[in-house]
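Open the model in your viewer and keep the selection tool at hand. The stops below say what to select and what is there.

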Amino acid sequence: EKIRIEIISFSLTESRIALDETIQQLFVECRLYNFIAEETPLSLPKPTSGQRIHYNYSNVIHVDKANNRARREYLKSMLLKPDLHSDSLQFTVVSDPPDDEQELECEDIGFAYVSLREIFQKQRDIIEQDVNVFDSQDDSAVIGKLKVTVEALHALRSIYEECKDD
């Protein structure tokens with residue numbers, strides 16, 4: 001009864017982010033609706049064009065009945081109401097200011113999304129797949145690719161079976 005998320009690696013395309021010299025270190029945050037925000041423990045140096053930086057970060061979101069009812073209810077409503085906008089895990093690529101410039105703040109530079117409803121509809125998890133990262137200032141511009149794994153199908157099936165029993 002869990003969703004496993006792995007943030008594997010990130011690469012940049014030719015974009016304003018690649019050219020911006022104030023952006024030097026990057027970390028990734030993952031959020032499910034407004035429940036959980038997890039971030040990679042390390043921020044890594046911004047990759048040059050054609051390079052990947054590897055986070056190899058894995059996290060588990062527990063959605064068991066006993067301890068995580070609210071998350072479970074949220075997932076249930078997402079499966080039953082297709083008009084719910086927030087059916088996605090949101091990955092945020094964040095610029096982490098260098099240690100010697102702590103007066104600068106962390107800045108969200110891009111967003112990527114993985115739809116849990118789509119995983120359920122297609123009946124397959126996302127395994128080591130590149131997802132587009134869209135520019136935080138222009139959501140039509142792709143600034144990079146984030147390689148992720150999202151294993152949620154088993155938990156979503158279980159929750160869906162529970163819906164049918166209600």
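Start by selecting S88, Y113, V114, S115, E118, I119, K122, R124, D125, I126, Q129 and V131, the residues that line the largest pocket. A pocket here is an open set of points on a 1 Å grid over the protein atoms alone, where a 1.4 Å probe fits and protein lies on both sides within 12 Å along at least five of seven lines; lining residues have an atom within 4 Å of a point. The volume of this pocket is about 270 Å³, a volume being the space filled by probe spheres set on the points, with grid points joined across faces, edges and corners. The elements that give two or more residues to its lining are β7 (107-115), α3 (116-122) and β8 (126-135). Helices (H or I, at least four residues) and strands (E, at least two) are DSSP runs, numbered from the N terminus.

Colour the lining by residue class: five residues are nonpolar, three polar and four charged. Ala, Val, Leu, Ile, Met, Phe, Trp, Tyr, Cys and Pro count as nonpolar, Asp, Glu, Lys and Arg as charged, and the others, Gly among them, as polar.

A note on the model before the next stop. It is predicted: local features need pLDDT of at least 70 and side-chain atom pairs count only at pLDDT 80 or more, while totals for chains, interfaces and linings use all residues. Residues are numbered from 1 along each chain as its sequence is written, and side-chain values use heavy atoms, with hydrogens and water left out.

Next, select F120 and Y160. The structure holds one aromatic pair, and the ring centres of F120 and Y160 are 5.0 Å apart with planes at 50°, so the pair is tilted. Rings of Phe, Tyr and Trp (its six-membered ring) pair if their centres lie within 6.5 Å; planes under 30 degrees apart count as stacked, over 60 as edge-to-face and the rest as tilted. Because F120 is in helix α3 and Y160 in helix α4 (residues 153-165), the pair ties together parts 40 residues apart in sequence. F120 is buried at 14% relative accessibility, whereas Y160 is partly exposed at 30%. Buried means under 20% relative accessible area, exposed over 50% and partly exposed in between (1.4 Å probe, protein chains only).

Stay in helix α4 and select R157, which is partly exposed at 39%. Leaving aside neighbours within four places in sequence, R157 is in contact (heavy atoms within 4.5 Å) with F120 and Q123.

Move on to Q123, in the loop between α3 and β8. Q123 is partly exposed, with a relative accessible area of 35%.

Then go to strand β1 (residues 2-12) and select I8, buried at 9%. Beyond its neighbours within four places in sequence, I8 is in contact with I53, H54, Y55, N56, E128, K147, V148 and T149. From that list take N56, in strand β5 (residues 52-62). N56 is exposed at 54%, and its phi is near 45°, a positive value in a residue other than glycine.

Finally, show the whole chain, with its four helices and nine strands. Its C-alpha trace spans about 55 × 30 × 25 Å along the principal axes, and 45% of the 166 residues count as buried.
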